[in-house]
Amino acid sequence: MSSQTITADAAGTWKLGDLPVHRLGFGAMRLTGSAAFHHGTPSDRARSIAVLRKAIDLGVNHIDTAAFYFSSLRSANELINSALAPYPDDLVIVTKVGPYRAYDGEWGTSARPEDLRGHVEENLRQLGRDHLDVVNLRRMPQYDSIAEHFGALAELREAGLIRHLGISNVTPRHLAEARAIAPVVCVQNRYALDRPDPDSDELLRICSEQGIAFVPFYAVAGEAAERGATTAHDEEVRTVARAHRASPAQIRIAWTLHQGPHVLAIPGTGNPGHLAENVAAGAIRLTDEELTRLNRTRREAG
């Protein structure tokens with residue numbers, strides 16, 4: 001398929017609270033290097049800035065980022081600020097807090113509730129904003145409950161530093177826990193065609209019922225995770241891709257968007273060509289038969 005004239009609005013829209021976004025967004029994790037975090041080699045700064053500006057030109061108005069998205073030379077938030085400020089009025093920047101990385105790139109102790117204001121203010125400083133559109137609380141495995149952490153973010157929302165709240169890496173129990181404290185506009189969990197997960201399937205359903213955006217991460221990367229997009233595509237994926245003259249990665253994005261009108265995709269890349277392909281995937285319409293075949297592949301992967 002040609003990706004030259006396809007823009008992000010082809011995927012449709014959804015609202016994060018009162019903020020409308022195209023369902024095809026952009027994940028900033030891969031902006032900083034050939035692989036995320038301390039993996040790979042740092043990116044070329046000018047190329048990363050060009051990718052961000054091209055994303056806006058292609059109609060992307062939802063960017064997912066975090067202060068801990070950095071390599072030895074690059075910071076995703078700094079790149080976003082440099083490339084896009086002053087920001088377009090319709091651009092929604094979603095950040096996440098909870099995990100912590102020291103300047104040397106090593107993972108440190110995750111935030112306690114009283115640390116979260118510092119995490120929020122660091123994102124504000126790096127992005128050059130006076131408030132954050134959406135902040136996701138990323139639950140770390142050592143915390144069984146998210147009530148104290150989410151409550152701390154709810155206080156920052158009341159103080160005007162945050163407009164809307166979301167949660168990440170959670171189970172249905174955590175969503176109920178958060179909603180008892182403050183409104184939740186999005187849930188961000190690992191979710192992919194080749195990764196069956198009963199908790200995330202249940203969250204997908206609950207979010208649909210409650211009008212909450214469900215935002216998968218690693219939908220294209222699959223098992224490769226932070227190291228980049230997977231090349232281990234099932235033959236059914238390749239067959240559907242050939243039928244649409246698309247890449248397997250585009251089919252994975254299209255399948256993600258077909259999971260419901262409340263599902264948002266945030267594929268990331270540091271490659272301008274891949275960016276155009278990712279955005280164009282929002283225009284792919286899978287048939288019922290193709291979805292059945294792909295869903296069968298997903299069940300068999302489990």
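Guide: Helices are DSSP runs of H or I with at least four residues and strands are runs of E with at least two, both numbered from the N terminus. The model is predicted.

Visitor: In which loop is the place of tyrosine 218?

Guide: Tyrosine 218 has a positive phi of about 60° although it is not a glycine. Most residues other than glycine have a negative phi. At 17% relative accessibility, tyrosine 218 falls under the 20% cut-off and therefore counts as buried. Its place is in the loop between β9 (213-217) and α7 (235-243).

Visitor: Does asparagine 169 count as buried, partly exposed or exposed, and what is the reason?

Guide: Asparagine 169 sits in the loop between β7 and α5. Its phi is near 60°, a positive value in a residue other than glycine. The relative accessibility of asparagine 169 is 24%, so the residue counts as partly exposed.

Visitor: What is the omega of the cis peptide bond at proline 86?

Guide: Most peptide bonds are trans. Proline 86 is found in the loop between α2 (76-84) and β5. The bond that joins alanine 85 to proline 86 is cis, with an omega of about -5°.

Visitor: How far apart are the end C-alpha atoms of helix α4?

Guide: Helix α4 covers residues 147-158, which is 12 residues. At 1.5 Å a residue, the helix should span 16 Å. The placement of its end C-alpha atoms agrees with this, their separation being 16 Å.

Visitor: What covers the buried residues of α4?

Guide: The buried residues in α4 are His149, Phe150, Gly151, Ala152, Leu153, Ala154 and Leu156. After the helix comes glycine 160, with a positive phi near 95°. The elements that cover the buried residues include β5 (92-97), α3 (116-127), β6 (132-138), β7 (162-168) and α5 (172-179).

Visitor: How many disulfides does the count come to?

Guide: A disulfide requires two cysteine sulfur atoms within 2.5 Å. For cysteine 186, the closest cysteine sulfur is in cysteine 207, 8.9 Å away, so the two are too far apart for a bond. Both cysteines count as buried, cysteine 186 at 2% relative accessibility and cysteine 207 at 0%. The count of disulfides comes to zero.

Visitor: Which residue forms a salt bridge with aspartate 64?

Guide: A search of the whole structure finds 15 salt bridges. In the one formed by aspartate 64, the closest N and O atoms are 2.9 Å apart, and the partner is lysine 96. The pair links distant parts of the chain, 32 residues apart, with aspartate 64 in strand β4 (residues 62-64) and lysine 96 in strand β5.

Visitor: In which helix do arginine 125 and glutamate 122 both lie?

Guide: The side chains of arginine 125 and glutamate 122 meet in a salt bridge, 2.7 Å from N to O. Arginine 125 counts as exposed at 56% relative accessibility, whereas glutamate 122 is partly exposed at 27%. The two are three residues apart, about one turn of the helix, and both lie in α3.

Visitor: Which residues are linked with Arg112 in a network of salt bridges?

Guide: Arginine 112 forms a salt bridge with aspartate 115, the closest N and O atoms being 3.5 Å apart. Arginine 112 is partly exposed, with a relative accessible area of 41%, and aspartate 115 is partly exposed at 24%. The residues linked with Arg112 in the network are Glu114 and Asp115.

Definitions and conventions
Residues numbered from 1 in each chain as written. Predicted model: local features only at pLDDT ≥ 70, side-chain atom pairs only at ≥ 80, totals over all residues. Heavy atoms only, no water. Expected span 1.5 Å × (residues − 1). Buried < 20%, exposed > 50% of the residue type's maximum accessible area, 1.4 Å probe, protein only. Contact = heavy atoms within 4.5 Å. Salt bridge = Lys/Arg side-chain N within 4 Å of Asp/Glu carboxyl O.
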